[in-house]
Amino acid sequence: MVTSCNFLDVIPSGKATEDDLFKTHIQADNFAASLYYYMPNRLHFQSSMEMCGGDIVSSFYGSVYYFIWKSLVYDNLETPSNTYLRMWSTTSDLASGGETYNVWGGIRNAYLLLENADGVADATEEQKARWKGEAYWNIAYMHQTLLEYYGPTVIVDHYVGLQEDINYERSTYLECVQFISDMYDLAAQYLPAKQPSQYLGRATKTTAKALKARAWMAAASPLINGNSEWYGPDFAKADGTPLIPQEYNKELWKKAMDAAEEAILQGEADGFGLYAPSMATEAFDKGYENYRAAFLGQNAASFFNDTEHLFVFANQSTVSYCIKNMAPRMLPSYNNQGWRGYFVPTWESVQCFLSKNGLPMHMDPETKAAAEDPTQLVEAPGFPGEQTSILHVNREPRFYASVGYDRGSYDLDNSTFMLKCRRGEPQQWDGNTGNEYQTCTGYYIKKWIDKANYWNKDANSFTYHKFAYPYIRMAEPYMDYVEAYVQYYGKIDGQALVYLNKVRNRAGLPNFEDAWKNNSTIKTLPEGKVLLDAILRERLSEFAFEGRWYHDLRRYKAVQELLDHKTISWNLDGKTAKDFYQLTEAHENQIRTFKAPKNYWLAIPQEQLTVNPKLIQNPGY
């Protein structure tokens, strides 16, 4: 993911064969780097299905309807004959605006590397080990990607020759997870603890262990673990074995917890942890600065977080595109120049963040009123005389580090300023549904926008802050352990509290047990559903706008609750605080029809079902 290598680029000119790829350690290393080329781009807003998670939405104006995440939300546009993310097959019918990723080709090349690594004459044992580790890691990652998007997939456990019959059937979900887990374990045996500077961003032992934990977390969760509601015995292998386990198995949570602890112990031993450089003395300021710095660094034109980020996407063309389309408009009247600001937070994501006391808003006496009636007006923090919603005060540092709101502070164009989002103001929606580059909720994403991003209005040129977007970071195995512990033991204590408080303290929040025991209306640790909901809300807050909502909410069969109705917005026609801070339905030019279980996975392409009669389609298609 840190390279733009094309497979064809690593084959020598002239009469080339696959053997030529491994004549020297330089060619073999280029081939190993090219494996990352086959991995889907999970960041690019136009081509990532992970935007379909309920925390980010693109505006509904103009021509942006074709962004592929919308294929699962609107009008059931994803079908076996019309896919928006061509990964299962590179030859199936592709909808306009869709993307193609040769996942199976990447797996094949990983096995090719395994077969040839030891034969590279001028390679050191360290180099050979790294290539083997990356090959095993790639095999696991590619299978995991298919599993995440399509459900039970076909397992390829060897190098597939071009003439080989590849009409395999789908393996069960748990067979897939066990295979992926085993491949990650093999990868960890060979991968380095940390990559040298020239390989930054490529897989390490901890990367493999953390992704292994992610795979077991998915297997243990309600979407899979005993989900006989959606997947019956007819969704099965040829021998009648159900592809999705029909009975709940609590021990899967123990597997997930153990895998998360493996990743944590490996990561901490190898120097990974939560990035926290702030020298501020106040907990709130320290939490705000640390959380911002984890993604953007501190006062630098570029930043690579090799302390916390375990696997990243660092293509700056995509990064800059996303910055351009998240940063708010800076001109009072609409045109298509400058920052565009049409990928924005949803109402649900704004509500999700905790109170300043580290509690769900509706359970904190200081913020309960805001949760019940967010239209109440209060003075905007830091801007005397300005009014904003009561929802925007007394929130946790991650909220202020991540969300840009009307009459809130924002960093851009080498300055810090107050956002003005009402009609007639610079960050407004202007009421013209033909002008596509505008906010549709009244909010802006702040998490990925650094003050150093600068648009030169006179020259219409951009200076972008450079960073690497994390596909997985060290906070995840900590939160995996906590969630799995709560699910398995039905309580939170011991090491689970230690790991949870690591994440909370970095974000400027008090220890979990202190926050709840100091609550004047509760005064005890939560239990049961209240505890689980609190942990899941913590997770959603920590990983907001990182593509994880799509997967975490699917794990709990909860996506349709967010996406099967119109999204909420402030009254963007409002010119005054009183008029602006009224809730209304956001403008949409399509009908939301996200349905379960159909839209939880993509469709197996019809042409693949025709070619391979052993395959069966996902339910709902």
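Reply: In this predicted model, Phe399 is buried, and Tyr400 is buried as well. The two residues form an aromatic pair with a centre-to-centre distance of 5.0 Å and an angle of 85° between the planes. Because an angle over 60 degrees counts as edge-to-face, the pair of Phe399 and Tyr400 is classed as edge-to-face. In general, a pair of aromatic rings is described by the distance of the centres and the angle of the planes.

The count of aromatic pairs comes to 48. Another of these is formed by Trp137 and Tyr141, whose ring centres lie 5.0 Å apart and whose planes meet at 10°, so this pair is stacked. Planes under 30 degrees apart count as stacked. Trp137 and Tyr141 are both located in helix α3, with a spacing of four residues, or about one turn of the helix. Both residues are buried. Trp137 and Tyr141 also belong to one aromatic cluster, whose other members include Tyr36, Tyr291, Phe295, Phe311 and Trp448.

Helix α3 spans residues 125-150 and helix α5 spans residues 205-220; their axes come within 11 Å and cross at roughly 25°. Since angles under 35 degrees count as roughly parallel, α3 is roughly parallel to α5. The crossing in which α3 passes α5 is left-handed. On the α3 side, the contact is made by Trp137, Tyr141, Gln144 and Glu148, and on the α5 side by Thr207, Ala208, Leu211, Arg214 and Ala215. Sorted by class, this contact of α3 with α5 comprises five nonpolar, two polar and two charged residues.

Val120 lies in the loop between α2 (103-116) and α3. Its relative accessible area is 1%, so Val120 is buried. Leaving aside residues up to four places away in sequence, Val120 touches Phe22, Thr24, His25, Ala28, Lys128 and Trp131. By contrast, the C-alpha atom of Val120 is separated by 57 Å from that of Ser355, a residue 235 positions away along the chain.

Definitions and conventions
Residues are numbered from 1 along each chain as its sequence is written. This is a predicted model: local features need pLDDT of at least 70, side-chain atom pairs count only at pLDDT 80 or more; totals for chains, interfaces and linings use all residues. Side-chain values use heavy atoms; hydrogens and water are left out. Axes are lines fitted to C-alpha atoms, for helices over the stretch in contact, and angles run from 0 to 180 degrees between N-to-C directions. Helices (H or I, at least four residues) and strands (E, at least two) are DSSP runs, numbered from the N terminus. Angles under 35 degrees count as roughly parallel, over 145 as roughly antiparallel, 65 to 115 as roughly perpendicular and the rest as oblique. A crossing is left-handed if the near helix is turned anticlockwise from the far one by less than a right angle, and right-handed if clockwise. Contact means heavy atoms within 4.5 Å. Ala, Val, Leu, Ile, Met, Phe, Trp, Tyr, Cys and Pro count as nonpolar, Asp, Glu, Lys and Arg as charged, and the others, Gly among them, as polar. Rings of Phe, Tyr and Trp (its six-membered ring) pair if their centres lie within 6.5 Å; planes under 30 degrees apart count as stacked, over 60 as edge-to-face and the rest as tilted. Buried means under 20% relative accessible area, exposed over 50%, partly exposed in between (1.4 Å probe, protein chains only).
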